[in-house]
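Subject: A structure for you to look at

Hi there,

Here is the structure I promised to pass on. Have a look at it first, and then read my notes below.

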Amino acid sequence: MEVVPLASADEVAALGADVVEAAVRAGGAVLGLATGSTPLPTYRELIRRYDAGLGPSYDGVRCFTLDEYVGLPAGHPESYRATIARELTDPLGIPADRVQGPSPELAGLPTAGARYEEALVAAGGVDVQILGIGSDGHLAFNEPGSSLASLTRLKTLTEETRRDNARFFGSIDEVPRHVLTQGLGTILRARHLLLLATGAAKAAALAAAVEGPVSASCPASVLQLHPHVTVLCDGPAETGLTRRDHYREVYDAKPAWQGL
Ligand code: GLP
């Protein structure tokens, strides 16, 4: 795992965009996309570069989202399908049929997880998976207690996560209780995991994920089992990391030929 302590959320966004663009430039990329507030500056940076003619072509790119609410009306603006289209894939000109998420239709719920796993395998797996971290250490919608080997399935959100996400809905009562989410085992299959963490509210969860024991009690600690993880964090998010000076030394001494 490489932890990159950066000065600001803007630097996190710029480096995050560099990682995504490098995968796209390599050709035929499969991108794993996260929702939540944290990746938005990275998405805006990708769009800014694309609009300025500085970004790569997104022709041939395929996208898979991490998770989806269950029980929202089709097309609801806070569905993750609609959110990703609005915040990233539409502005980059990636057609809707190249963006997939777990299907929340009630009739198909019992098989939705298995079907999503099949789609991910059929696409050849995810090249770069963007991740945020919940204040309780959740990844995607894998709440504490989730199996470290889990695959895409139906989950029930904690009160804390529903409270955290109420800002997108107006009130906690409108936040769905159920979701479909890639499992922690699903996330581990992506070839490169890019965790973005900004702001003081993420400091404790980030420290537990990076330096605490690997445990289902902190789902994001499963990242310690993956061979290629990059953590981009800003000053307020890094404050709980006991080895942060070392991470900075490592990054400052990084050979120019060695990418992220
Ligand atoms: C949500 C999403 C996660 C996201 C997390 C943190 O519940 N399902 O993928 O990483 O919460 O969100 P934010 O970045 O808004 O803090």
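A word on naming before we start: helices (H or I, at least four residues) and strands (E, at least two) are DSSP runs, numbered from the N terminus. This is a predicted model, in which local features need pLDDT of at least 70, side-chain atom pairs count only at pLDDT 80 or more, and totals for chains, interfaces and linings use all residues. Residues are numbered from 1 along each chain as its sequence is written, and side-chain values use heavy atoms, with hydrogens and water left out.

With that naming, Arg162 belongs to helix 5, which covers residues 159-165. Arg162 counts as buried because its relative accessibility is 5%; buried means under 20% relative accessible area, exposed over 50%, and partly exposed in between (1.4 Å probe, protein chains only). Arg162 and Ala149 are 13 residues apart in sequence, and their C-alpha atoms are 24 Å apart in space.

Now to helix 1, residues 9-25. The expected span of a helix is 1.5 Å times one less than its number of residues. For the 17 residues of helix 1 that gives 24 Å, and the end C-alpha atoms are 24 Å apart, so the two agree. Its buried residues include Val12, Leu15, Val19, Glu21 and Val24. Just after this helix, Gly27 has a positive phi of about 100 degrees. Ala29 and Ala123 are 94 residues apart in sequence, while their C-alpha atoms are 9.9 Å apart.

Next, the ligand. Where does the ligand sit? It is in the largest pocket. On a 1 Å grid over the protein atoms alone, a cavity is a set of points where a 1.4 Å probe fits but cannot get out, and a pocket is an open set with protein on both sides within 12 Å along at least five of seven lines; lining residues have an atom within 4 Å of a point. A molecule sits in one of these if more than half of its atoms lie within 2 Å of its grid points.

There are 13 residues around the ligand, and Ser37, Thr38, Asp67, Arg167 and Lys202 come nearest; a residue is near if one of its heavy atoms lies within 4 Å. A ligand oxygen is 2.7 Å from a polar backbone atom of Ser37, and a ligand oxygen is 2.4 Å from an N or O atom in the side chain of Thr38. On Asp67, a polar side-chain atom is 2.9 Å from a ligand nitrogen. Taken alone the ligand exposes 390 Å², and the protein buries 94% of that (areas by the Shrake-Rupley method with a 1.4 Å probe; for residues, only the protein chains shown count as cover).

The loop between strand 6 (128-131) and strand 7 (153-156) holds Ala140. Most residues other than glycine have a negative phi, but Ala140 has a positive one, near 50 degrees. Ala140 is buried, with a relative accessible area of 10%. Ser150 is in the loop between strand 6 and strand 7 too, and is buried at 6% relative accessibility. Its side chain makes a polar contact with the side chain of Arg153 at 3.3 Å (a pair of N or O atoms within 3.5 Å; within protein, one must be able to donate a hydrogen and the other to accept it, and residues adjacent in sequence count only if both atoms are side-chain atoms).

Happy exploring!
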